[in-house]
Amino acid sequence: MMSGKTVIITGANSGIGKATAAGVVKLQGRVIMACRDRSRAEEAARDIVEETGADRDQVVVRHLDLASLTSVRSFCENILKEEPRLDVLINNAGVYQCPYTRTEDGFEMQFGVNHLGHFLLTHLLLDLLKRSAPSRILVVSSRLYKHGHINFEDLSSERSYDKAFAYSRSKLANLLFTCELARRLEGSSVTVNSLTPGIVRTNLGRHVHVPALAKPLFHLLSRALFKSPEQGAETAVFLASSPDVDGVQGKCFADCRPQVLLDKATDRDMASKLWDMSEIMVGITT
Ligand SMILES: NC(=O)c1ccc[n+]([C@@H]2O[C@H](COP(=O)([O-])OP(=O)(O)OC[C@H]3O[C@@H](n4cnc5c(N)ncnc54)[C@H](OP(=O)(O)O)[C@@H]3O)[C@@H](O)[C@H]2O)c1
């Protein structure tokens with residue numbers, strides 16, 4: 001049970017984030033849905049209340065656009081003003097294989113939203129999480145990290161852009177971030193773990209072109225082969241709530257079990273170098 005616990009979920013208006021929010025609410029937790037589109041988020045909040053029979057004040061909507069560092073900062077300022085505690089932060093929002101675009105601050109969109117926005121968000125909420133300890137941070141990555149590589153010489157993809165590579169790079173960055181943050185959190189009673197949800201039927205594929213004629217077949221196959229959002233959210237709800245993972249630090253889970261990652265996702269030097277570079281990119285001075 002999660003009664004008395006407050007959980008922030010980014011991108012909670014859709015797919016895995018929305019199902020995770022419903023899962024937390026069913027366990028009596030209070031969810032702050034951190035979303036970029038207020039009306040989509042309000043609609044999702046109404047669905048969650050209807051589905052779970054929860055009190056309306058268990059589901060809170062707040063504006064957060066991870067493609068804007070200004071928005072991340074103002075979201076966190078409000079949270080720090082309004083919230084006396086934060087038990088779980090779930091970095092879930094993500095963009096997948098979008099055409100080349102930049103965030104407000106000029107970063108390649110997938111790296112900017114999936115990694116850098118969450119990097120700053122976590123940094124700004126960390127003291128609150130520490131004050132609320134034992135507390136947890138979850139990072140939603142993807143098995144596609146395997147095809148990624150952190151090319152420090154072109155993190156903003158100015159020299160070349162490959163949308164599939166950029167997604168994999170951002171998801172590898174999620175794992176390296178988890179690795180370095182776990183090292184920094186040793187002994188603090190704040191844990192950070194990542195997860196890969198599997199292939200889930202969500203809106204993530206919005207930028208992937210499926211020819212009109214193939215759409216019915218794709219729809220059928222995805223119904224048969226992909227996880228539902230609820231199944232896709234199981235590991236996140238488990239990591240947010242289960243006493244089985246009390247004190248577990250720096251692991252990556254799939255289907256509620258720890259996974260073995262490729263060396264490139266746990267490389268200490270790479271993780272530390274990415275951390276330093278991310279601090280510079282988001283303008284943190286420590
Ligand atoms: N579905 C899969 O098969 C799969 C597999 C592996 C990993 N994942 C990971 O799972 C996570 C959730 O994805 P999903 O499958 O549930 O996809 P989804 O249905 O598209 O949900 C993604 C969420 O992220 C939000 N988002 C995108 N850009 C944002 C921004 N700039 N600021 C704030 N929020 C933003 C979206 O908001 P809008 O609705 O406003 O666009 C949406 O709420 C992602 O991190 C993804 O990489 C998914």
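**Exercise 1. Find the residue in strand E3 that is the bridge partner of cysteine 35, and follow the chain between the two strands concerned.**

In this predicted model, the bridge partner of cysteine 35 in E3 is histidine 63. The next step is to look at the strands as a whole: strand E2, which covers residues 30-35, pairs with strand E3, residues 59-63, in the parallel sense, and five bridges join them. Between E2 and E3 the chain passes through helix H2 (residues 38-52), and the β-α-β crossover made in this way is right-handed.

**Exercise 2. Determine which strands pair with E4, in which sense, and over how many bridges.**

Begin with strand E1 (residues 6-10), which pairs with E4 in the parallel sense over three bridges; within this pairing, isoleucine 8 has leucine 89 of E4 as its bridge partner. Then turn to strand E5 (residues 135-140), where the pairing with E4 is again parallel and runs over four bridges, and where asparagine 91 finds its bridge partner in valine 139 of E5.

**Exercise 3. Decide whether the two faces of strand E4 are covered or open.**

In a regular strand the side chains alternate between the two faces of the sheet. Sorting the residues of E4 (residues 88-91) by side puts Val88 and Ile90 on one side, with Leu89 and Asn91 on the other.

**Exercise 4. Work out how the buried and exposed residues of helix H9 are arranged around the helix.**

Helix H9 (residues 268-282) has 15 residues and spans 21 Å from its first C-alpha to its last, close to the 21 Å expected at 1.5 Å a residue. Its buried residues are Met270, Ala271, Leu274, Ser278, Met281 and Val282. Viewed down the axis of H9, these buried residues fall within an arc of 95°, and therefore they line one face of the helix. On the other side of H9, the exposed residues are Arg268, Asp269, Asp276 and Ile280.

**Exercise 5. Describe the shell of residues around the ligand.**

The ligand is surrounded by 30 residues, the closest being Gly11, Gly15, Ala93, Gly94 and Thr202. Sorted by class, the shell holds 14 nonpolar, twelve polar and four charged residues. As for where they come from, helix H1 (residues 15-26) gives the most to this shell, with three residues.

Definitions and conventions:
Residues numbered from 1 in each chain as written. Predicted model: local features only at pLDDT ≥ 70, side-chain atom pairs only at ≥ 80, totals over all residues. Near = placed C-beta within 6 Å. Nonpolar A, V, L, I, M, F, W, Y, C, P; charged D, E, K, R; others polar. Buried ≥ 20, exposed ≤ 12 C-beta atoms within 10 Å, placed from the backbone. Pairing = 2+ DSSP bridges. Right-handed = clockwise from strand over helix to strand, strands pointing away. Expected span 1.5 Å × (residues − 1). Arc of directions from axis to C-beta.
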